[in-house]
Amino acid sequence: GQEVVPNSGCGSWLWEPQSTNLLTYSEDFSQWVTDSATTVSNSAISPSNVLNADKVIASAANTSHSIYVIPSVVSTSTYTFSLYAKADEYERLYIRQGTGLLPSAAVYELNGNGSVLETYGSPQGTSITNVGNGWYRITLTNTTNASAANFAPNIMGIPNSGYTASEDNVIFLGDGTSGVYIWGAMLEQNS
């Protein structure tokens, strides 16, 4: 007999969970809030083979040098932030999720096979995957707090040694030219 396949009437079936990017400026980091950092648009060829990756540069000050965005999220829900990053003068990337209660952070090594060097707090997941041409896909997964729903990703390139993940930001003296390349940020609510 011939197998009858049900028809939804709407085209093809979707077998993987649908996801929505909750970040409005996922490829234009000049629209993110800067914390003593500069973003230079279209500074490198991204994993999409287009000149559309941005560079985040630490200012010549002894402070935190992150960029961040505050997306709309709900409490006690799990989210995954992902980003493509490539070393330039700095070979490490620091990402902190959230502020206030129960933030989590990780430091990623952007060379060789890539590695998660250290975490702070209790992120539910971190990963780094070499995707070629010096680029790495980085993820950080965590659940928002019940009383303060916040998953604001803070991103900064940091010097290659001497700095660790901490609850607040990594503080160091930048030089106004050194940084890392980033592209393709995404924040998804996990199903």
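A nonpolar core is a set of buried Ala, Val, Leu, Ile, Met, Phe, Trp, Tyr and Cys residues joined through side-chain atoms within 4.5 Å. Buried here means under 20% relative accessible area, while exposed means over 50% and partly exposed lies in between (1.4 Å probe, protein chains only). With those terms in hand, let's look at the structure above. It is a predicted model, in which local features need pLDDT of at least 70, side-chain atom pairs count only at pLDDT 80 or more, and totals for chains, interfaces and linings use all residues. Residues are numbered from 1 along each chain as its sequence is written, and side-chain values use heavy atoms, with hydrogens and water left out.

**The nonpolar cores**

- The largest nonpolar core has 37 residues, and Trp32, Phe81, Leu83, Leu93 and Ile182 touch the most other members.
- At least two residues of this core come from each of E3, E6, E7, E8, E11, strand E12 (153–158) and strand E14 (179–189). The letter E marks a strand of at least two residues and H or I a helix of at least four; these are DSSP runs, numbered from the N terminus.
- Another core, of five residues, lies apart from the largest one, and Ala53, Trp135, Tyr181 and Trp183 are among its members.

**A closer look at leucine 83**

- You will find leucine 83 in strand E6, and its relative accessibility of 0% means that it counts as buried.
- Which residues does leucine 83 contact, leaving aside its neighbours within four places in sequence? They are Phe29, Leu93, Ile95, Tyr136, Arg137, Ile138, Ile155, Ile182, Trp183, Gly184 and Ala185, where contact means heavy atoms within 4.5 Å.
- Leucine 83 and leucine 140 are 57 residues apart in sequence, and their C-alpha atoms are 9.1 Å apart in space.

- Strand E8 (residues 104–109) is mostly covered, with six of its six residues buried.
- Ser104, Ala106 and Tyr108 point one way from E8, whereas Ala105, Val107 and Glu109 point the other way.
- On one hand, E8 pairs with strand E7 (residues 92–97) in the antiparallel sense over six bridges; two strands pair if DSSP finds at least two bridges between them. Within this pairing, arginine 92 stands opposite glutamate 109.
- E8 is also joined to strand E9 (residues 115–120), by five bridges, and these two strands run antiparallel. Here valine 107 stands opposite glutamate 118.
- E8 and E9 form a hairpin with five residues between them, and glycine 112 in the turn has a positive phi of about 60 degrees.

**Salt bridges**

- How many salt bridges are there? The count comes to three, where a salt bridge is a side-chain nitrogen of Lys or Arg within 4 Å of a carboxyl oxygen of Asp or Glu.
- One of them joins the side chains of aspartate 88 and lysine 55, at 2.6 Å from N to O. This pair links distant parts of the chain, 33 residues apart: aspartate 88 is in the loop between strand E6 (78–87) and E7, and lysine 55 is in strand E3 (residues 51–58).
- Lysine 55 also forms a salt bridge with glutamate 89, with the closest N and O atoms 3.0 Å apart. These partners are 34 residues apart, lysine 55 being in strand E3 and glutamate 89 in the loop between E6 and E7.
- Buried or partly exposed? Lysine 55 counts as buried because its relative accessibility is 9%, while aspartate 88 is partly exposed at 29% and glutamate 89 is partly exposed at 36%.
- The side chains of arginine 92 and glutamate 109 meet in a salt bridge of 2.9 Å, N to O. Arginine 92 lies in strand E7 and glutamate 109 in strand E8, so the pair ties together parts that are 17 residues apart in sequence.
- Both arginine 92 and glutamate 109 are buried.
- Salt bridges with shared partners join Lys55, Asp88 and Glu89 into one network.

**Threonine 139**

- Threonine 139 has its place in strand E11 (residues 135–143), and it counts as buried because its relative accessible area is 10%.
- The side chains of threonine 139 and serine 127 are joined by a polar contact of 2.4 Å. A polar contact is a pair of N or O atoms within 3.5 Å; within protein, one must be able to donate a hydrogen and the other to accept it, and residues adjacent in sequence count only if both atoms are side-chain atoms.
- Beyond its neighbours within four places in sequence, threonine 139 is in contact with Thr80, Phe81, Ser82, Tyr108, Gly125, Thr126 and Ser127.
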